[in-house]
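Open the model in your viewer and keep the selection tool at hand.

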Amino acid sequence: MGPDPQGEPHFHPYHHPAAGWGAAKSVGKVLVREGALVDGPRAIMRMNHENGGFDCPGCAWPDDTKGLHLDICENGIKHVTWEMTPKRVGRDFFAAHSVTELSGWSDFDLEDQGRLTEPMVYDPESDHYAPVNWHDAFETVGRALRGLDSPNQAAFYTSGRLGNEATFLYQLMARELGTNNLPDCSNMCHEASGRALTASLGTGKGTVDLKDWEATDALFIMGVNAASNAPRMLTALAEAYRRGAQIVHINPLVEAAATRTIVPHDFTDMALLKSTPTSTLNLQPRIGGDMALLRGVAKAVLDQSGTDPKALDREFLDRHTTGFDAYRALCEETSWAEIERQSGVDRDDILKTARVYRDADRSIVSWCLGVSQHEHGVDTVREIVNLLLLRGNLGREGAGPSPVRGHSNVQGNRTCGIDHRPTETFLERLAEACEIDPPHEHGLDTVGTVQAMHRGDVKVFVGMGGNFALAAPDTPYTYEALRTCDLTVQVSTKLNRSHLVHGRRALILPCLGRTEKDQQRHGVQSTSVEDSMSMVHLSLGMKRPASPHLLSEPAVIAGIARAALPDSSTPWEWYVEDYDRIRDTMAQVLDGFEDFNRRVRLPLGFRIKQPARELVFLTPSGRAEFSTAPLPDVVPAPGTLALGTMRSHDQWNTTIYSDNDRYRGIENLRTLVFMNKDDMRERGLAEFDPVDITSTAKDGSRRHLDGYLAIPYDIPRGCAAGYMPEMNVLCAIGDFSTQSDQPLMKHVKVTIEPAA
């Protein structure tokens, strides 16, 4: 599965069904390579199951509602076996390899060394990490936090892997210390979605669940590569097609999930090699052109309403919305010429999409980072809501907005308090239940944290999971920022780049993985997670921990908190003894978590109530609010291209499993750029020609990647794409959305020329 240092790059366009035997073959290779021929199948039978199973640490797609016993996917199995590897990284490894040496290793090779086994502290004299006991590690962090001039000189980052109970303790610690500096991975992915949905509907989450997907007449899938990012969605798409639903994919690249699939647990289809289409229409807007396309669909529906009164849901509009007349006028004023120019899609294709939407009684619009990681991401998501409101596609079965969250508990992190802009209601309930005086001023998000570290204003950085150094934009700038810190602390399961790009002092604190048993004083503990459709359920590890020296994430947080807040009245150690105690406190603080301990043990857990689903809108008007944003100009200037960064198929966030990308036909190559063949011809480029890529930031500064290989691909003219985290170099730290503060990782302005 890993990179082949001797392998030559190859590109063969992929024409096979998504999943199917390709996924089965890949899983077999993974199980052999990771030595998981016994534990792997055991994990497969326990993953995403109620009654004692553990939640997949990969994507946030909901668990099957019909009791499916193989509710798994290729990427989930990769993720689990990667965690369950028998390889270990202990004191002998760190004694043999300096940080300088390890900094020259590839990201694959770093994580491939295996599981971290004990706390380590960086020794600047030897340039090696050395073992440290947990007490001294906690005291190092506590002393650094106690010594700050202001609690706002610390920042506490989390990735989506953190369970709800640890999340709650983490934000409680930060706020008891006195800061709202709680950056998270949402700041880089779906921040725009949350802000847009809150503005339009009064809730920051989607309103649909998996049963709605099973009942809808039309699915509109926007800006997502489902076959890699949410592979279990393939089952829902195949089932939707079989029952006659219309499925429209909207993405600059026609990804494998937008063609056809063989779902591996459909054994008859596997045996007969029988594939099922996963789309009825594919549209390829230019990068950033989604908003114009949506405006065109709305314009067509409104035009039709002049002769067909059933085109709009007049009763819904009158009773539950505000701003419709202004939106209608805006659509009428927007010319078809401008819609075609900005979207990059012909009027006829937009009208086809409008007919699908008009003819469907119930529609769902689902989207991911291809929509949100733009300057105008908030406006685009609000345009999605505008379209849904026209026909009353809200508050009824089979209809509504459905953002696809990428990581297993990233939505739960935000629900349980990881928010640099907390609401006053949340802070009041936290203060009352936990008897603390939390800060009320807004804290730093991800971009703000990097900038503050770079200035020297943030001196202590704590990362709970993830690989911050690689995930953040403007890689050299982020590296400099981390190295400016007095102390960096990484709570991790495996070695990664963030352990090598560190502050003057640094700690690596190893924790349990999702698959492992969490034994505490009152027995084996379960943790809860929230999926992308607001279902909260328990996860219970099955495997003996990789090392007896590992602590759970709640235990690590409690240890840091006690050292940093020695006089705290918060019962940190008592909480860790039994996670039910944490959940009882969460039930007092979090809206929708009442009777938490009982409800989370129900089959499939419970769904957090979404007011907008009940047509209760917590907006200033008390209604769903139309937005009237002008269309942005997303057409690249002559000679420039709009570049979007993305993951390969054999990758999960910053974890690289191999240099292959099966669904895009790539072998043994990551330093590439996908280009339209006419754009290549215009520059005198042939397949695999080396190119130099230059980005120009808003402030005029430039960044470069040299010697990348050009790959001709089915992508609109004026657009290009390549892999993160390598291409994060091109995204300037100051290039973030003024609407959401998200880095513009899907819309980088670049020039591409033959390599010098």
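How many salt bridges does the structure hold? There are 47 salt bridges in the structure, each a side-chain nitrogen of Lys or Arg within 4 Å of a carboxyl oxygen of Asp or Glu. This is a predicted model, in which local features need pLDDT of at least 70 and side-chain atom pairs count only at pLDDT 80 or more, while totals for chains, interfaces and linings use all residues. Residues are numbered from 1 along each chain as its sequence is written, and side-chain values use heavy atoms, with hydrogens and water left out.

Select Arg504 and Asp486. Their closest N and O atoms are 2.6 Å apart in a salt bridge. The pair links distant parts of the chain, 18 residues apart. Asp486 is partly exposed, at 25% relative accessible area (buried is under 20%, exposed over 50%, partly exposed in between, with a 1.4 Å probe and protein chains only).

Next, select Glu682 and Arg683, a salt bridge with its closest N and O atoms 3.5 Å apart. Glu682 is exposed at 55%, whereas Arg683 counts as buried at 12%.

Then select Asp184, Glu191, Arg195, Arg414 and Asp741, which are linked in a network of salt bridges.

Finally, select Gly513, Arg514, Asp518, Thr527 and Glu553. Of the 17 residues lining the second largest cavity, these lie nearest its centre. A cavity is a set of points on a 1 Å grid over the protein atoms alone where a 1.4 Å probe fits but cannot get out; lining residues have an atom within 4 Å of a point.

Notes:
1 Å grid on protein atoms, 1.4 Å probe; cavity = no way out; pocket = protein on both sides within 12 Å on 5 of 7 lines; lining within 4 Å. Helix = DSSP H or I, 4+ residues; strand = E, 2+ residues; numbered from the N terminus.
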